[in-house]
Structures are given as structure tokens and as C-alpha cells.
Amino acid sequence: MKTVLLVVALCCMASTLAVAADTPATKNSAKPATSKVDPALEAEHTKEDIRRHRIIAAAHEAAAKCQESGKDEDYCNAELAKACKGIAYGKHCGMKHPD
């Protein structure tokens with residue numbers, strides 16, 4: 001009985017490995033993905049991201065200076081949230097990405 005179970009288990013493993021070897025993800029003939037985004041639009045999106053990163057960085061720098069000055073952390077975080085409104089989310093000013 002143990003021998004029969006062992007043979008059945010080995011057959012199942014062998015068939016699973018054979019199926020996995022034939023999956024498209026492992027074939028080398030697949031073409032790499034290409035972007036369908038217009039390069040001009042992509043460049044504009046990148047410029048906008050850079051602008052927003054700089055605004056967020058300035059807001060974080062102001063929050064750091066606020067804390068360095070000895071002001072309460074909650075106050076400084078509230079100021080950070082105000083500075084990031086519409087650009088970022090959360091009380092710690094995480095950047096929003098539209099896509």
C-alpha cells in the first residue's frame with residue numbers, strides 16, 4: 001500500500017513539474033512589455049512628479065525646522081499636513097500618485 005501511494009505521489013509531482021515547465025512565463029520567446037504612453041505625456045508627468053516632490057520636501061524641511069525650534073510635534077505635524085494639502089495624504093505627507 002505504501003508503494004502504491006509513493007508511486008501516485010511521484011506521478012502527481014512529475015505531471016505538475018511538466019505543466020509548470022510549459023508555462024508562458026518561463027519561455028524565452030515572450031516579447032518584453034512596451035509602453036503605450038506618449039513620450040511627451042510621460043515627460044510632462046515626470047516634470048509634475050518632480051515639482052510635487054520638491055513641494056513635499058520643502059514641507060518636510062519646514063516641519064523639521066519647526067521641531068528644532070522646540071515647538072510641539074503635534075503642532076508641527078498639523079503645519080506639515082496644511083502644507084501638503086492637495087498634493088499628499090496622511091498626517092505625515094505621503095505623496096499621492098494619480099495612477
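Let us begin with a pair of helices: α2 and α3 pack at an angle of about 165°, and their axes are 9 Å apart. That makes α2 roughly antiparallel to α3, a label for angles over 145 degrees, whereas under 35 counts as roughly parallel, 65 to 115 as roughly perpendicular and the rest as oblique. This is a predicted model, in which local features need pLDDT of at least 70 and side-chain atom pairs count only at pLDDT 80 or more, while totals for chains, interfaces and linings use all residues. Residues are numbered from 1 along each chain as its sequence is written, and side-chain values use heavy atoms, with hydrogens and water left out.

**The overall plan**

- The protein has three helices and two strands; helices (H or I, at least four residues) and strands (E, at least two) are DSSP runs, numbered from the N terminus.
- Read from the N terminus on, the order of elements is α-α-α-β-β.
- Of the 99 residues in the protein, 14% are buried (under 20% relative accessible area, with exposed being over 50% and partly exposed in between, for a 1.4 Å probe and protein chains only).
- Among contacts with a separation of 6 or more, 47% are between residues 24 or more positions apart; a contact means heavy atoms within 4.5 Å.

**How α2 and α3 meet**

- The axes here are lines fitted to C-alpha atoms, for helices over the stretch in contact, and the angles run from 0 to 180 degrees between N-to-C directions.
- The crossing of α2 and α3 is right-handed, a term for the near helix being turned clockwise from the far one by less than a right angle, with anticlockwise giving left-handed.
- On the α2 side, Ala59, His60, Ala63, Cys66 and Gln67 meet Glu73, Tyr75, Cys76, Leu80, Ala83 and Cys84 of α3.

**The nonpolar core**

- The largest nonpolar core has eight residues, namely Ile56, Ala59, Ala63, Leu80, Cys84, Ile87, Ala88 and Cys93.
- Two elements, α2 (39-68) and α3 (73-84), each give two or more residues to this core, and α2 gives the most, with three.
- Such a core is a set of buried Ala, Val, Leu, Ile, Met, Phe, Trp, Tyr and Cys residues joined through side-chain atoms within 4.5 Å.
- Leu80 lies in helix α3 and counts as buried because its relative accessibility is 4%.
- Leu80 and Ala63 are 17 residues apart along the chain, and their C-alpha atoms are separated by 5.9 Å.
- Leaving aside neighbours within four places in sequence, Ala63 is in contact with Cys76 and Leu80.

- Arg52 lies in helix α2 and, at 11% relative accessibility, counts as buried.
- The side chains of Arg52 and Asp49 are joined by a polar contact of 2.8 Å (a pair of N or O atoms within 3.5 Å; within protein, one must be able to donate a hydrogen and the other to accept it, and residues adjacent in sequence count only if both atoms are side-chain atoms).
- Arg52 and Ile87 are 35 residues apart in sequence, with 6.8 Å between their C-alpha atoms.
- Ala57 also has its place in helix α2, and with a relative accessible area of 44% Ala57 is partly exposed.
- The C-alpha atoms of Ala57 and Cys84 are separated by 9.8 Å, with the two residues 27 apart along the chain.
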